[in-house]
Structure formats: structure tokens, C-alpha cells
Amino acid sequence: TLNGASPTTRPSGDRHGGNKRVSHLTLTLATWDHDRVMALHDGRVTVPGVMLESHIHPTSKLFPWAVQEARFDITEMSVSSYVLQLSRGGSDYTAIPAFVSRAFRHSGFFARAGSGIDSPADFAGRKIGVPEYQMTAALWMRGILADEYGVACDDIHWRTGALDEGVRRERLELALPKGMVVEPITEGDTLQDMLLRGEIDGLLAPKPPQAFLEGNPDLVRLIPDFEAAEQSYHAKTGFFPIMHLIGIRKSVAEQYPDLPRALYDAFVQSRDLAMAQLRSIWLGNANRMTLPWLNSAMERTLASMGPDYWSYGCTANMDEINAICRYSLDQHLAAGPVAPQSLFHPSVLDT
């Protein structure tokens, strides 16, 4: 059980001074439906003394809610927007190092066939589209551009907006230096269509544009063998890019100081269940997943990244968290330096 008191809890036990012992605390939990978190949503993993009210939403909804209104007690958050908020004076949340979304990003560099762009290095001096300048995928891709290809964010004229459908806006207002151009596209237009019309020269895409998936030859991926590039990148840096983490409302964490560590342990247990399930599917004698070469994908992953390829915790990931903070400052997102340790509740820094 957790120590503390709240008007929304039903306390029991010793009432003779000190904090009340809570036997039933209800908190809202909001994430997308990653296999790594579903055991918390369906009750296979529990937090002692806490009832979790489950909310499952796509991150396109969760991230604006987190930074604009702090809607949920426990929520999945964009690491880039979180660092940006911390640099500006703080967030309504403190985080635990449960990295529920990670993704390599070498697959997301796109250009128009015949544009003279043959490598991400050729993005320098060009007009390049990205759905949101502050999104974590773009933070990592610009970091790759700088570290691997020598292209600084200032070298590019950025256009922001919907990738291939809908409308996309920055979830937090940017404060960029004079002379740097990050220009929204006309609402109703898309970056994909602008690239095909020759109005921009390339894309940083968090997912393949629809026209590319449909086989349009005018859209080309600049790193065709992205798996090999990502394996090489991981071997060199040790990074498996962190996209999202879990935030706990600060007021709740202050009232229940044992909660962040208890939640972290629960997220680790949920991840472990998902990885065990994936392993059982991989090693089963009947293919239970609709993926023909799951076995080869698993073998390649383990060979290149080892068994703890989806690591949680501060210690194992501190170099990567430091890179995120450095990228945020270098790319003119963070208002000032952010210490990696400041992202997390003190109780989880030794994880």
C-alpha cells in the first residue's frame, strides 16, 4: 500500500498521527495500446493499494492533452515536449524511466526522385518537411543528421504540417532564434503532396507516407537498407531511440512518494510479460502472429542488441537521455540546458 491522504481515497488502518494508510487509491492511466503496457490496463499487473482507471488513446491525442491540460494522473508523454516544458520552468508531471515507445529512425528520410538528393547529407540548404518540429521522432532524426551527416538544424528551411492526411500543428509554441525558418504549411495541404509537387525537397517522416506505401516511384527512401544502418548506429552509440516515457502528476507523486517507484516496478513487470509472450510466440511450433519472418527478426534483434534490447531504467539509458537533452538545446527547442536526472522522480534514479 501507499502512504498519503487524499479526498478521493478510502483510508483505513492507523489514524494516530502521520500519513494515513491508503488501501484504495483510484488513478487514471492513459497510454496507447503498446503490448508492453496492456497488462496494466487489463489487470494482470497491479500496483498495491491502487486501482488504475484505464484509458487507451492514440498518442496524437495523448500528447496535446499531457502538455496543454494534464488530463490524466499517469500518462504516456512525448520525451521531446516534456524536456521542452522542463526547460521553460516545469511540467505538471514527473517521469519514471519506463520507455514504452522506442524506435530507430533511419527509415524516415524521404526525398523526391530526380531531386538530386541522394543522402540525408544533401538536406543542407533545402526545404524539408516534418509533421511537428518538436516531435521526438524529428528530434532524433535531426540528431542523426547532425551527428552522422554533419547537417545542422539551422541549415534547413523547415515546413511543418500533416504528413499525408488531416491537420497537424505544434502542440507547444516554439521560440526559435531569429533567422531560423520553421514555417507551417497551408491547412488542408500535406507534406507528401508538396514533396510530389516539388514545393519541398525532402521529408522527416515518422511513418512511411501513404504514396510511398502505394508504390509511387516519385517518393524514395534515402536509406533503403535502413535495418543495416540502424544496427550499425546501435553498435556505435548504444542507442535505441527513446520516444515516450511515463509521467505521473506531480501533486500525486508528492502526496504518495512511494508511488513512482511502485509504478515503475509495475511497468517493468508489464513489459516483461509482453516480452515473454513474444518469445513464446516466436518459439512456438505454430505461427500465432501474422508475420512470416518473425523468427528471423527475433534472431537478428537478439544478435545485434542482446536479450535486454528494450531496457527501462535510468542507469542503462543515461547516455541516451543526455543525448536527448543535448539535441533539444542544440535544435533550439529547450530554453536552456536540462539535466538528464531532472526528468525523473528521485525515487527512480537508481533504476
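The lining of the largest pocket is made up of 17 nonpolar, five polar and eight charged residues. The structure is a predicted model.

**The largest pocket**

- Rolling a probe the size of a water molecule over the atoms shows where empty space is left.
- The volume of the largest pocket is about 870 Å³.
- Its lining counts 30 residues. Those nearest the centre of the largest pocket are Arg102, Phe104, Phe240, Thr301 and Trp310.
- At least two lining residues come from each of strand S7 (93-102), helix H7 (226-237), helix H9 (259-283) and helix H10 (294-305).
- Helix H10 contributes the most to the lining of the largest pocket, with seven residues.

**The second largest pocket**

- The second largest pocket has a volume of about 730 Å³.
- It is lined by 29 residues, and Thr59, Ser60, Met135, Arg168 and Pro206 are the closest to its centre.
- Helix H2 (59-68), helix H4 (136-149) and strand S14 (242-249) are the elements that give two or more residues to this lining.
- Which element supplies the largest share of the lining of the second largest pocket? The answer is H2, with five residues.
- By class, the lining of the second largest pocket has 13 nonpolar, eight polar and eight charged residues.

**The five-stranded sheet**

- Strands of a sheet pair through backbone hydrogen bonds, either parallel or antiparallel.
- Five strands form an open sheet with mixed pairing, in the order S5-S4-S6-S14-S7.
- Strand S5 (50-56) and S7 are the edge strands, and each pairs on one side only.
- On average, and with direction ignored, neighbouring strands of this sheet are turned by 30° against each other.
- Strand S4 (residues 25-31) and S5 run parallel and are joined by seven bridges. Thr31 has Ile56 of S5 as its bridge partner.
- Helix H9 packs on this sheet and touches S4, S5, strand S6 (74-78), S7 and S14. The direction of H9 makes about 10° with that of S7.
- S7 and H9 also each supply at least two residues of the lining of the largest pocket.

**The six-stranded sheet**

- The other open sheet has six strands in the order S11-S10-S9-S12-S8-S13, again with mixed pairing.
- Its edge strands are strand S11 (182-184) and strand S13 (219-221), each of which pairs on one side only.
- Neighbouring strands here are turned by 30° against each other on average, direction ignored.
- Strand S8 (residues 109-112) runs antiparallel to S13, and three bridges join the two. Arg112 stands opposite Leu219 of S13.

**Helices H4 and H11**

- Two packed helices are described by the angle between their axes and the distance between the axes.
- The axes of H4 and helix H11 (residues 318-330) cross at roughly 85° and come within 10 Å.
- Why is H4 described as roughly perpendicular to H11? An angle of 65 to 115 degrees counts as roughly perpendicular, so the crossing of roughly 85° makes H4 roughly perpendicular to H11.
- On the H4 side, the contact is made by Leu139, Trp140, Gly143 and Asp147. On the H11 side, Glu320, Ile324, Arg326, Tyr327 and Ser328 take part.
- The residues of this contact divide into four nonpolar, two polar and three charged.

**Helices H7 and H10**

- H7 and H10 pack with their axes 10 Å apart, at an angle of about 25°.
- Angles under 35 degrees count as roughly parallel, and H7 and H10 are therefore roughly parallel to each other.
- Which residues make the contact of H7 with H10? They are Glu227, Gln231 and His234 of H7, and Arg300, Ser304 and Met305 of H10.
- By class, the contact of H7 with H10 has one nonpolar, three polar and two charged residues.
- H7 and H10 each supply at least two residues of the lining of the largest pocket.

Definitions and conventions. Residues are numbered from 1 along each chain as its sequence is written. This is a predicted model: local features need pLDDT of at least 70, side-chain atom pairs count only at pLDDT 80 or more; totals for chains, interfaces and linings use all residues. Side-chain values use heavy atoms; hydrogens and water are left out. On a 1 Å grid over the protein atoms alone, a cavity is a set of points where a 1.4 Å probe fits but cannot get out, and a pocket is an open set with protein on both sides within 12 Å along at least five of seven lines; lining residues have an atom within 4 Å of a point. Grid points are joined across faces, edges and corners, and a volume is the space filled by probe spheres set on the points. Helices (H or I, at least four residues) and strands (E, at least two) are DSSP runs, numbered from the N terminus. Ala, Val, Leu, Ile, Met, Phe, Trp, Tyr, Cys and Pro count as nonpolar, Asp, Glu, Lys and Arg as charged, and the others, Gly among them, as polar. Axes are lines fitted to C-alpha atoms, for helices over the stretch in contact, and angles run from 0 to 180 degrees between N-to-C directions. Angles under 35 degrees count as roughly parallel, over 145 as roughly antiparallel, 65 to 115 as roughly perpendicular and the rest as oblique. Contact means heavy atoms within 4.5 Å. Two strands pair if DSSP finds at least two bridges between them.
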